[in-house]
Structure formats: structure tokens, C-alpha cells
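Subject: Structure handover

Hello,

Here is the structure you asked about. My notes on it follow below.

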Amino acid sequence: MSRIKKQERQQQLREKLNNTPFVTDEELAAFFQVSVPTIRLDRLELGIPELRERIKAMAEEHSHDTIENERVEVVGELLDLTAGKQGLSMLHTTADMLDVTGYVEPHFLYAQADSLAKAVIGSPAAIAGVGNIKYKNPVTAECNLVAKAEVVRRRGDKAFIWVTIKDKVREVFRAKFIMEPVKNRM
């Protein structure tokens, strides 16, 4: 891609962020072959917030009856929660999460998915009676992993929850849980 004029770059920047809102300034700079400060200035001129603010705005835009629950503990940052329906969280990966091969340990992804599923059903004292998990792609440090959990069905005390974790638009982890209260297991 050869150098393009500022107005055209800003128009393409707006379109790219509309299509893939989780892209970082560094990735945008590489894509447009400009510096990171240039991308930040373009975003500022266009009134486009930084990545974290875009993610929060998307979560707020897609929530209807979001609740605040002090008891909910989620691995990562809870962005959105609609009790009994769906939730959204973000986990920033760091170098201390890596295994000897240089990829994030899988238990961090499982913990994010499991804790978000418990938050969605509103019960920290729940257990995954059944879990079908798939590690789709390896994850490195310095990624923002966005997890989305959705209750797809209920049968008695059991909740069937699907969770997907994405690094931008690439799915890295997927789980299907059947969660039930711990009291049912005692």
C-alpha cells in the first residue's frame, strides 16, 4: 500500500474501525504504513476513542438491562452483564501468563470463560457439571482477549452457556458449559 492522503487515510481508518473495532493503534499504523502517533492524531481528529474505550462503548451499546453485582468475580475485566442472559469480559494477557513455548497457559482462558459463565447465571457457587472446551488458536502476551458468554437454554437449575473468546476477530477459545448450583452436588 503506497502512501495515501490524510483525508483518504482517515476515511479508511473510520471504515476499518467500524469493521474491526478491536484493532490496536500499532496494527493500524502497520496497515497504513504510518507511525503510531499519526494514527492517534487521526483518531483524535475523527473523535474515535482508544481501544479500551471502544470496547467499553460497544459493551454499553449492546447491553439492555445491565446489572451491577458486587459478588461477581470475573477473571479479567467485566465489561457488560445482563443477568441470566449474557456477559462480556476482557482479559489483557501479560508475559507472566506464558508457558515455556511462549504462549498463554490454557488455564487462563478456561478461568476467564468459567468465571464469566458463573457471573452470567448470577451464582459464584456454581459448578460446570459438563464442559466441552476447544482451544482454537494459541495466544501470546499483550493481547486483549474478549469473552462473550450467552445462556442458550435452561432446564431446571441447570443453565446451558456458550462462551467464545476472541483476540480481535480471531476465535481462540470456545466452551459449552452446563452450569448448576453447588448445592445440587452435595
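At what angle do helix H2 and helix H3 pack? The angle between H2 (residues 25-32) and H3 (residues 36-46) is about 105°, and their axes are 8 Å apart. Axes are lines fitted to C-alpha atoms, for helices over the stretch in contact, and angles run from 0 to 180 degrees between N-to-C directions. H2 is therefore roughly perpendicular to H3 (65 to 115 degrees). Helices are DSSP runs of H or I with at least four residues, strands are runs of E with at least two, and both are numbered from the N terminus.

This is a predicted model, in which local features need pLDDT of at least 70 and side-chain atom pairs count only at pLDDT 80 or more, while totals for chains, interfaces and linings use all residues. Residues are numbered from 1 along each chain as its sequence is written, and side-chain values use heavy atoms, with hydrogens and water left out.

H2 contributes Asp25, Glu26, Leu28, Ala29 and Phe32 to the contact, and H3 contributes Val36, Ile39, Arg40 and Arg43 (contact: heavy atoms within 4.5 Å).

There are three aromatic pairs in the structure (Phe, Tyr or six-membered Trp rings with centres within 6.5 Å; under 30 degrees stacked, over 60 edge-to-face, the rest tilted). Tyr110 and Phe177 form an edge-to-face pair, because their ring planes are at 80°, with centres 5.8 Å apart. Tyr110 is in helix H5 and Phe177 in strand E6, so the pair ties together parts 67 residues apart in sequence. Phe177 is buried at 2% relative accessibility, whereas Tyr110 is partly exposed at 30% (buried is under 20% relative accessible area, exposed over 50%, partly exposed in between; 1.4 Å probe, protein chains only).

Regards

Methods:
Angles under 35 degrees count as roughly parallel, over 145 as roughly antiparallel, 65 to 115 as roughly perpendicular and the rest as oblique.
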